[in-house]
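Hi,

Here is the structure I promised to pass along.

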Amino acid sequence: MVYFLQEYFFNCFTRSASIILLSLSLLLPQLSNAAIPQKHEDFPQGVSAINPGSELWREVRQRDSAVTGISQVKGVETGVLINSRGGQWARFRIENPVKYAPMVLGVVFLVLVLFYVLRGKVGIEGGLSGQMVKRFTEYECIVHWTLAIVFLFLAVTGLILLVGRPLLIPLFGKEIFSLIASASKEGHNLFGPIFLVSLLMMLFSFVKRNIYEKGDLAWLLKGGGFIGDGHVSGGFFNMGEKTWYWIVILIGLVISISGLVLVSPNFGQGRLVMEISHLVHVFGAIILTAISIGHMYMGSIGTEGSLEGMKSGYVDINWVEAHHDRWAKECHENEMVISAEEYARLQGSKPDTAMEKEA
Amino acid sequence: MIEYLIDGPLWYFALVVFCIGVLWQLASIVFARSKTDLSVARGSATGGAWRNVFSRFVPHHEIAPQIRIQVVAGYLFHLGLFALLFFAAPHVLFLEENLLGFGWTPMPHWAFIVSAQFAFLGLIMLWLRRVVNPVSRLISTLDDHVAAILTFVVMLTGCFALLEGSTALRLLHRFTVEIWLIYFPFSTLMHTFTFLPSRAFTGAWFGRRGIDA
């Protein structure tokens, strides 16, 4: 009997407890919701200060951690609605490459101006003789100038895209700048692959003569003749020219490949790859542009007799002896030197025209 | 105002100058008086003309190594420009809406870009060859350089307007095209229309005399 009563009361208790717990579990969410307005009794209208979508947008903006959703659109990063890293990347770009690129180019330009003022044009002992040697073929000159023209176009349009916003908007205003930037972007993208083709033509045309050889290191140690007055020995290409060639080829390839990654975003590369490519592209382009300013200086007003080599393909024998004495020896041995009259006849000008131009 | 001028009166003026100029030049060649050839024919003039028209598409084997650059660059430029002019989607649409009233299937965008790249590379190399090669430099006139540079500028402004989102860039391209059309009949650009008749004339002359050239 006692056992029966105990069991009866136990069952009643457990059932009551179950009902109470069930009721509580159903009521608690309601109570928790009802508690929200109670926290904000300052708002008599009963408007909640907390945006009910704030949690959702926090997730979307991914301020706490990266979240990838599900989308019908299939592709790279299509599950990411808003990538807050984009803002960080934009700030990084403005605070680094955009800021330092003009500085680097400006410093290089100033150094060259200073160098020209202090050192002047590097002349040839005894001056130009008028006797010429064929250094480059017509095809090699055309390849060089094609690459140069395309590179200059890309450098100008690239710099407009990189630093045009802070530099050109104050000059031309936003509307004109938007036109210039749009035109530059289209031009830059279209000429990029032409640069790659020109670069490959340059690679195959000049590679044999740009392999480093014995004697090149001595050229480097004497700073290519700019340090001291001593004579610097050199072959067909000296070490400085060979190094410039390999810089153009290697950095040019890096710029081209990173540019193709940027211009073709439909090959599955993500945002990170694009950002890295952008940095590599800008870094390489600035280095190449900075050194090319030096190359343009050396090939024109910096060194007497250099420009003629790429204009006509012929160089003065005294210039060859001053800068490429080992090759000069070959020229004399193989009777490659032609007279001023013969050179003038080949160029279709009077004998003294070339000399006058150089002078 | 500028938009109205470029899209309206200047466009029609350029078109009229181009059409009348080209017709006038061609007519002056066709109706030019030449001495009657009284010699006994040693071969067929017609056969010589046809042979010369097609044989000159390939360089003669004896001079091929010397002119390899202008052959390759020439084909790159001319084929690229032809594809651009007549098969680029914006041009097909323009011709359909403004001139012909009918259109045809344009090439895809990637082919448009590749054609433009071929044309640019070819034109740059051809012009460089003109100034680097001493013989070409000597026989080149100011007109040759102006024609090349003007064509380059037209292509460049077209490249700038590729996005098709800016009226100003479209007008710039159209303006340069109008200048190019006005310049065309009075320049070496006329070789677009005269290269076939001139080949045929030379070929007929050779053919009649039995010259295998």
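**Two helices in chain B, and what surrounds them**

Start with α6(B) and α8(B): on the α6(B) side, B:A116, B:A119, B:F120, B:L123, B:W127 and B:R130 meet B:D144, B:A148, B:T151, B:F152, B:M155 and B:C159 of α8(B). Sorted by type, the residues of that contact come out as 9 nonpolar, 1 polar and 2 charged. Keep in mind that this is a predicted model.

How do the two helices sit relative to each other? The axes of α6(B) and α8(B) come within 11 Å and cross at roughly 155 degrees. Angles over 145 degrees count as roughly antiparallel, so that is the label for α6(B) and α8(B). The crossing of α6(B) past α8(B) is left-handed.

Leaving out residues up to four places away in sequence, B:A119 touches B:F77, B:G80, B:L81, B:L84 and B:M155.

B:A119 also turns up in the largest nonpolar core, which has 50 residues; A:V150, B:A119, B:F120 and B:L123 are the ones touching the most other members. The largest share is from α6(B), with 12 residues. There is also a second, separate core of 12 residues, and A:M132, A:V133, A:W327 and A:A328 are among its members.

Now the contact between the chains. Here 19 residues of chain A are in contact with 21 residues of chain B. On the chain A side, α5 (138–172), α6 (174–206) and α13 (340–347) each supply at least two residues. Which of the chain A elements gives the most to that side? That is α6(A), with 9 residues. By type, the chain A side divides into 12 nonpolar, 5 polar and 2 charged residues.

Finally, chain B as a whole. Chain B has 10 helices and 0 strands. Its C-alpha atoms fill a box of roughly 65 × 40 × 35 Å along the principal axes. Of the 213 residues in chain B, 25% count as buried. If you take the contacts in chain B between residues at least 6 apart in sequence, 75% of them join residues at least 24 apart.

Cheers

Methods. Residues numbered from 1 in each chain as written. Chains lettered and ligands numbered in written order. Predicted model: local features only at pLDDT ≥ 70, side-chain atom pairs only at ≥ 80, totals over all residues. Contact = placed C-beta atoms within 7 Å. Helix = DSSP H or I, 4+ residues; strand = E, 2+ residues; numbered from the N terminus. Nonpolar A, V, L, I, M, F, W, Y, C, P; charged D, E, K, R; others polar. Buried ≥ 20, exposed ≤ 12 C-beta atoms within 10 Å, placed from the backbone. Core = buried A, V, L, I, M, F, W, Y, C linked by C-beta atoms within 7 Å. Axes fitted to C-alpha atoms, helices over the stretch in contact; angles between N-to-C directions. Parallel < 35°, antiparallel > 145°, perpendicular 65-115°, else oblique. Left-handed = near helix turned anticlockwise from the far one by under 90°.
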